[in-house]
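Hello,

Here is the structure I promised to hand over. Please have a look at it first, then read my notes below.

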Amino acid sequence: MNFLEQTFDFILTTDRCLMTNHHGKEFLGFLGTGPAVGVPESVWKWLACPKMKVDDLGRPEQAPYGMRKVEAKLIDEGFKAAIIDPDHLDRHLKYAKALMFSHHDYFAFGPPSSTWWGITKKEPINYKSFQALINKPEIQEAKKRGMKILVGGPSTWQWLWREDMIEKVGVDTLVDGEGEKIIVKLAQMILDNEPLPKYVYVSGDDVPDIDDISEIKGASVNGMIEIMRGCARSCRFCSVTIRPTRYYPLEKIEKELQTNVRAGVRHGVVHSDDVLFYGAVGIYPRPEPLIKLHTLVKKYYKTIAWSHASLAAIRYSEEKYGLISKLGEIIFDDEQRYLGVEVGIETGSVRLAKEIMPAKSAPYKPEEYPEIVEEAFKIMHENKIIPAGTMIVGLPEETEDDVYKTIELVDNLRPYRSILVPMFFVPMGFFKNRDWFTRVKLSEAHIELYRKVFWHDVYWAEDIINSFYMKGPVYMPVRFALKLFLRFAKKKMREVEKWLESQLKA
């Protein structure tokens, strides 16, 4: 079969920071949201986003899960579509009708990137990487020939803050929200040479039903598989809560597990905005669906991680059913010794918790929120679950006392194995049009919070690397680079602390 028989009308791609499997360790992807620190940029990029193998057509062996879903929907509807590695676009764009971008953080306005950028005043790697992609001459040449450019993914909103880039890149349509239904209409309009809308917002009423969501056709990055969409907690800063909750049946989940295993991917991430909500009744986790789910996933994957879980659900599940311990009996074996997960702490302030996320603590009272966080961390520590706990700094209603309450919580979490990640507030959900940290100004309380978090993270990062993470000779170079970075970071922090101490004395 010659190349012309393998051309595609619709090409999906993203930059190297996402078109990578991060050495098979999803958490390393966070390094791509910052600038190179303590090591050369080439080493930092190799740590965060190494290149993956591609086939003869430039299709990557793994691709971001959201892009796989759109690719699968287009294929199921009869369109010629493929995800192409950013280094292999040239020959395909000569024949493509449309190029579709997706990204988690197009212009580094997202919480991790904006935090790094605000503190270091240096452009994050993911920002530089996407800029390099959109400035590829083959994209502009194809655009001049009439190729359409569509933008989607969870950070589409960022283009509305950079309207200059819409014009510069020549974006024809922005798709904001779940894309399975609208992308079919847009693809047909492109083939029919119909004018495209400049902006499409997919509201909660327009999201795809389970039957509208196709199963992926190729392996996803680090074996990610989705189990549900939506969240019932209704936190005001989050866009996920705007969408209705939909659970994937086990048969649908199994098809995607099989797709990844056929491609040789035997380690995966179970994805949901709260994994413990799978099969829940409202905000109340249920043991039976979760036990069936994890039994199924471990049938195919040697090791798993959870993308997200809520702290109240962790506490409730264990106190009510002993469920975290029961799931551990399914998950842990000779192949898997720990489980990683991202959890949203957000704040240690009861006042803020009641104001912006009153359901985050449910079924417990908002007044108990700091206690909920600490108890959940204790449960995870005892059950070999290692959380990355995110916190939001600079919420519109935040006071200095709120920050000190978060500092107090950080002190209380010191005994529990974890990585804490304070991030600047970014306007999403009901806050989407509010002013935010376009020019970062850290108070003394913020500085103290970051200092406390730094020493917490260094302490536990060394323990995690030595005891759990990246075992085996294949990971020796990565482990060495991470330890080198930690050594450099500790040295720099001691220098900063001495400088701050001298300023106080002066």
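A pocket here is an open set of grid points with protein on both sides within 12 Å along at least five of seven lines, and its lining residues have an atom within 4 Å of a point. Keep in mind that this is a predicted model.

**The second largest pocket**

Start with the second largest pocket. About 280 Å³ of space lies in it. Its lining is made of 15 residues. Arg16, Lys45, Asp87, Ser129 and Ala132 are the ones that lie nearest the centre of this pocket. By type, the lining holds 8 charged residues, 6 nonpolar ones and 1 polar one.

Which helices each supply at least two residues of that lining? They are α1 (41–48) and α5 (125–134). The largest share comes from α5, with 5 residues.

**Helix α5**

So much for the pocket; now the helix itself. Is α5 mostly covered or mostly open? It is mostly covered, with 8 of its 10 residues buried. The buried residues are Ile125, Asn126, Tyr127, Ser129, Phe130, Gln131, Leu133 and Ile134.

**Backbone points to check**

Most residues other than glycine have a negative phi, and most peptide bonds are trans.

Ala108 has a positive phi of about 60°, although it is not a glycine. Where does Ala108 lie? It is in the loop between β3 (98–102) and α4 (111–120). Ala108 counts as buried because its relative accessibility is 1%, under the 20% cut-off.

Asn222 also is not a glycine, and its phi is positive at about 55°. Asn222 lies in the loop between β6 (199–201) and β7 (225–226). Its relative accessibility is 7%, so Asn222 counts as buried.

Ala362 and Pro363 are joined by a cis peptide bond, with omega about 15°. Pro363 sits in the loop between α13 (350–356) and α14 (369–382).

Best wishes

Notes:
Residues numbered from 1 in each chain as written. Predicted model: local features only at pLDDT ≥ 70, side-chain atom pairs only at ≥ 80, totals over all residues. Heavy atoms only, no water. Helix = DSSP H or I, 4+ residues; strand = E, 2+ residues; numbered from the N terminus. Buried < 20%, exposed > 50% of the residue type's maximum accessible area, 1.4 Å probe, protein only. 1 Å grid on protein atoms, 1.4 Å probe; cavity = no way out; pocket = protein on both sides within 12 Å on 5 of 7 lines; lining within 4 Å. Points joined across faces, edges and corners; volume = space filled by probe spheres on them. Nonpolar A, V, L, I, M, F, W, Y, C, P; charged D, E, K, R; others polar.
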